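This briefing concerns the structure shown below.

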Amino acid sequence: MNRKSSAPQDKQKRGKAAEVVEEDPLPDNGNDTFNSADGKYEGEWKKFEGTIKRHGLGKFTTEQFTYEGEFSEDLFNGKGVLQYQDGSYYKGEFRNGKICGQGEMLFPNGSRYDGQWYDGRMHGIGTFYTKNNQQWSGYWCHGMSTCPIFPQIIPKLNEEEEEEEEAYQ
């Protein structure tokens, strides 16, 4: 949105007024496309304390992933789909920019998990399926479970934890 106005110019040189274009301030919200160093955003936005943020429904595309869904103050928040370049994806709920709530993840190797998530990890009741359709349902805690078909990486213990483990045995 532009406003036109006339501003006097040096009358001795031209003898007429020049046209000056003034920019109107942006509204408090809208729907548009933005390019940034992080990626491309297409969708709803809103001003928060003078700063424009992704807010509402939108699509954000980077070199690593595409997210399409709900945003709240620049964070994934609500329902959405996070599609990675390797073909894997997460479809479900997000909270404060993290995978959180009910959702399904398809992993690059073809296996998938459908269930509860917290802080980006499988957490709560869920079902894990291998690419050969074997399945196991049960409880997950911070990404770990007793699932015999899920490849789990056990974190390495530090020296203090190793000593506690040896004393316990």
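**Contacts around Phe94**

In this predicted model, Phe94 contacts Tyr67, Phe76, Asn77, Gly78, Gly80, Val81, Leu82, Ile99 and Cys100, leaving aside its neighbours within four places in sequence. Phe94 is also among the residues with the most contacts inside the largest nonpolar core.

**Nonpolar core**

- The largest nonpolar core comprises 19 residues, and those with the most contacts inside it are Tyr67, Phe76, Leu82, Tyr90, Phe94, Trp117 and Trp140.
- At least two residues of this core come from each of the strands S6 (65–72), S7 (75–84), S8 (89–95), S9 (98–106), S10 (112–118), S11 (121–129) and S12 (135–140).
- Strand S6 provides the largest share of this core, three residues.
- In soluble globular proteins, nonpolar side chains tend to be buried together.

**Aromatic pairs and charges over rings**

- The model contains 16 aromatic pairs.
- The ring centres of Phe76 and Phe94 are 5.7 Å apart and their planes stand at 85°, so this pair is edge-to-face.
- Because Phe76 belongs to strand S7 and Phe94 to strand S8, the pair ties together parts that are 18 residues apart in sequence.
- Phe76 and Phe94 are both buried.
- Tyr113 and Trp117 form an edge-to-face pair, because their ring centres are 5.2 Å apart and their planes are at 85°.
- Tyr113 is buried at 0% relative accessibility, and Trp117 is buried with a relative accessible area of 6%.
- The charged end of Arg112 sits over the ring of Tyr129, 3.9 Å from its centre.
- Arg54 lies over the face of Tyr41, at 6.0 Å from the ring centre.

**Sheet architecture**

- Ten strands make up an open sheet with antiparallel pairing, in the order S3-S4-S5-S6-S7-S8-S9-S10-S11-S12.
- Strand S3 (29–35) and S12 are at the edges and have a single partner strand each, so one side of each is left without a neighbour in the sheet.
- From one strand to the next, the twist averages 20°.
- Strands S11 and S12 run antiparallel and are joined by six bridges.
- Thr127 has Ser137, in S12, as its bridge partner.

- Gln134 is located in the loop between S11 and S12.
- With 45% relative accessibility, Gln134 counts as partly exposed.
- Leaving aside neighbours within four places in sequence, Gln134 is in contact with Phe128, Tyr129 and Ile149.
- The C-alpha atoms of Gln134 and Ser111 are separated by 9.3 Å, and the two residues are 23 residues apart along the chain.

Definitions and conventions. Residues are numbered from 1 along each chain as its sequence is written. This is a predicted model: local features need pLDDT of at least 70, side-chain atom pairs count only at pLDDT 80 or more; totals for chains, interfaces and linings use all residues. Side-chain values use heavy atoms; hydrogens and water are left out. A nonpolar core is a set of buried Ala, Val, Leu, Ile, Met, Phe, Trp, Tyr and Cys residues joined through side-chain atoms within 4.5 Å. Buried means under 20% relative accessible area, exposed over 50%, partly exposed in between (1.4 Å probe, protein chains only). Helices (H or I, at least four residues) and strands (E, at least two) are DSSP runs, numbered from the N terminus. Contact means heavy atoms within 4.5 Å. Two strands pair if DSSP finds at least two bridges between them. Axes are lines fitted to C-alpha atoms, for helices over the stretch in contact, and angles run from 0 to 180 degrees between N-to-C directions. Rings of Phe, Tyr and Trp (its six-membered ring) pair if their centres lie within 6.5 Å; planes under 30 degrees apart count as stacked, over 60 as edge-to-face and the rest as tilted. A charge sits over a ring if NZ of Lys or CZ of Arg is within 6 Å of the ring centre and within 35 degrees of the ring normal.
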